[in-house]
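Dear colleague,

Please find below the structure that I am handing over to you. My findings follow directly after it.

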Amino acid sequence: VQLVTLPEKAALALKNNPNIAFVEEDAAVYATAQSTPWGVTHINAHKAHAANVTGSGVKVAVLDTGIDASHPDLNVKGGVSFVSGEPSGLTDGNGHGTHVAGTVAALNNTVGVLGVAYNAELY
């Protein structure tokens with residue numbers, strides 16, 4: 001993290017510039033609890049969860065840009081890459097595959113987000 005400060009006079013000059021919509025102080029924010037993404041709620045996954053349908057015993061293959069196997073909110077059991085130049089399916093140089101994996105099966109814990117099938121194994 002790099003902290004950048006701006007003198008008050010410079011901040012005022014930016015605020016008065018007609019080409020700038022607004023100036024505000026940057027503040028650090030932190031997630032303090034697990035959240036449920038809109039899509040997971042939209043498909044009524046909570047109804048499946050209430051019926052104890054949580055992905056237990058299910059293996060899911062995410063065919064995308066890979067999955068970051070070190071992500072603390074994912075239960076990654078294995079993976080393979082079929083993309084030349086990407087030697088491992090357990091890394092994700094793009095981030096999209098990890099995002100998809102989180103939607104599918106982010107763990108039911110106190111951090112990050114809740115996935116649709118939070119007890120599923122990811123590959």
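Thr98 is buried, with a relative accessible area of 14%; buried means under 20%, exposed over 50% and partly exposed in between, with a 1.4 Å probe and protein chains only. Thr98 belongs to helix α4, which covers residues 96-105. Leaving aside residues up to four places away in sequence, Thr98 touches Gly66, Ile67, Asp68, His71, Leu74 and Asp92, where contact means heavy atoms within 4.5 Å.

The model is predicted: local features need pLDDT of at least 70, side-chain atom pairs count only at pLDDT 80 or more, and totals for chains, interfaces and linings use all residues. Residues are numbered from 1 along each chain as its sequence is written, and side-chain values use heavy atoms, with hydrogens and water left out.

The protein chain has four helices and two strands, in the order α-α-α-β-α-β from the N terminus; these are DSSP runs numbered from the N terminus (helices H or I, at least four residues; strands E, at least two). The radius of gyration of the protein chain is 20 Å, well over the 14 Å that the globule rule gives for 123 residues, so the chain is more spread out than a compact globule. That radius is taken over C-alpha atoms, and the rule is 2.2 Å times the number of residues to the power 0.38. The C-alpha trace spans about 60 × 40 × 25 Å along its principal axes.

Of the 123 residues, 23% count as buried. Among contacts between residues at least 6 apart in sequence, 67% join residues at least 24 apart.

Yours sincerely
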